Amino acid sequence: MSRTDPLAFSPLPQPLPSLEEVLEDAAVVDLPMTSRFRGLQRRESMLVRGPQGWAEFAAFPEYDDAEALAWWRCALEVGWLGLPRPRRTTVSVNATVPAVPAAEVPRVLARYGEGIAAVKVKVAEHGQSLADDDARVAAVRAVLPEAALRVDANAGWGPEEAVEALTRLARHGLEYAEQPSPGIEGLARVRSELRGRGEPLPIAADESVRKAEDPLAVARAEAADLIVIKAAPLGGARRALAVVEQAGLPAVVSSALETSVGLSAGLALAAALPELPYACGLGTAALLAEDVTGSPLLPSGGVLPVGPIAADPELLARHRASPQREQWWRDRARRVHGLLERTEAQHRA
């Protein structure tokens with residue numbers, strides 16, 4: 001994989017659809033959430049429809065065009081190429097608990113229904129303390145004493161802080177810790193120091209894979225025990241599959257807070273992996289108070305079905321974003337599509 005061209009082998013429809021074709025049925029939605037998550041209380045997204053079905057472009061608004069390009073490529077892959085052939089018809093998923101007060105944990109978990117066997121707990125939230133994290137994890141353990149628990153710091157701790165925090169949180173029985181510190185060196189240091197303390201807690205890499213110029217560097221550095229992959233930030237399911245194959249590490253497929261349309265792409269990715277040893281973080285439709293389909297992807301018995309999801313025109317209209325925000329997304333799509341065309345032309349030159 002080229003360091004200067006990390007998306008070179010990400011497949012795209014040929015020839016590329018025109019921007020007008022992609023935006024012909026596009027709809028921008030603004031959805032309320034059940035809890036504040038990733039600093040958001042509402043989620044905006046653009047839904048597009050290609051010959052293979054509905055797809056989603058939901059790069060977070062603060063991302064620049066270069067970072068949003070991978071998400072655009074994923075949308076074109078889903079809508080115009082279709083998804084890889086699945087190896088399984090259902091995918092086990094974890095519940096996700098945002099950085100809520102411990103008292104709110106039962107309410108959050110109730111959204112996921114019966115049968116959830118794994119829970120990801122957000123920790124290291126800005127403005128909160130380790131005591132808050134500890135209470136939240138303890139509350140999850142009290143509700144689900146047999147569940148596999150994993151914590152996700154989103155690179156919110158420095159290495160020393162991460163070692164201290166994870167040593168304390170590990171007493172609750174953790175399956176793994178996701179991206180406790182920024183960067184590959186930070187992950188490697190946390191992993192090494194935990195083992196030096198006799199704490200073999202597995203370390204998962206997320207941002208160090210999906211935001212890296214070279215998503216395989218973390219595996220080469222032996223800085224993590226498993227990797228977290230997401231279809232849209234990695235440029236599509238096929239590229240994500242190639243990353244897992246070349247990394248040679250177990251993988252967990254997670255969401256990027258998409259609607260059920262975007263989650264269906266993540267489920268297709270999970271279903272196509274040769275091995276799937278961990279429950280996936282694809283149950284996040286439970287964090288949305290509204291969705292774009294009448295049958296949102298909410299877990300039943302701890303699993304989700306694999307298959308395409310079609311957006312409901314009535315719900316698209318009901319949750320349509322303001323004219324100003326819709327124009328913002330269309331302008332963004334125009335810029336990103338132009339960037340894609342230029343990038344593809346350079347590759348062919």
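This is a predicted model: local features need pLDDT of at least 70, side-chain atom pairs count only at pLDDT 80 or more; totals for chains, interfaces and linings use all residues.
With which residue's side chain does the side chain of Ser260 make a polar contact? The views below take up this question and then turn to the cavities.

View 1. Residues are numbered from 1 along each chain as its sequence is written, and side-chain values use heavy atoms, with hydrogens and water left out. The side chain of Ser260 makes a polar contact with that of Asp291, at 2.7 Å (a pair of N or O atoms within 3.5 Å, of which, within protein, one must be able to donate a hydrogen and the other to accept it; residues adjacent in sequence count only if both are side-chain atoms). Ser260 counts as buried because its relative accessibility is 0%, where buried means under 20% relative accessible area with a 1.4 Å probe, protein chains only.

**View 2. The largest cavity.** The structure holds three cavities of 30 Å³ or more, a cavity being a set of points, on a 1 Å grid over the protein atoms alone, where a 1.4 Å probe fits but cannot get out. The largest has a volume of about 90 Å³, volume being the space filled by probe spheres set on the points, which are joined across faces, edges and corners. Of the 13 residues that line this largest cavity, the closest to its centre are Glu56, Cys74, Ala232, Gly262 and Ala265; lining residues have an atom within 4 Å of a point.

Terms used. On a 1 Å grid over the protein atoms alone, a cavity is a set of points where a 1.4 Å probe fits but cannot get out, and a pocket is an open set with protein on both sides within 12 Å along at least five of seven lines; lining residues have an atom within 4 Å of a point. Buried means under 20% relative accessible area, exposed over 50%, partly exposed in between (1.4 Å probe, protein chains only).
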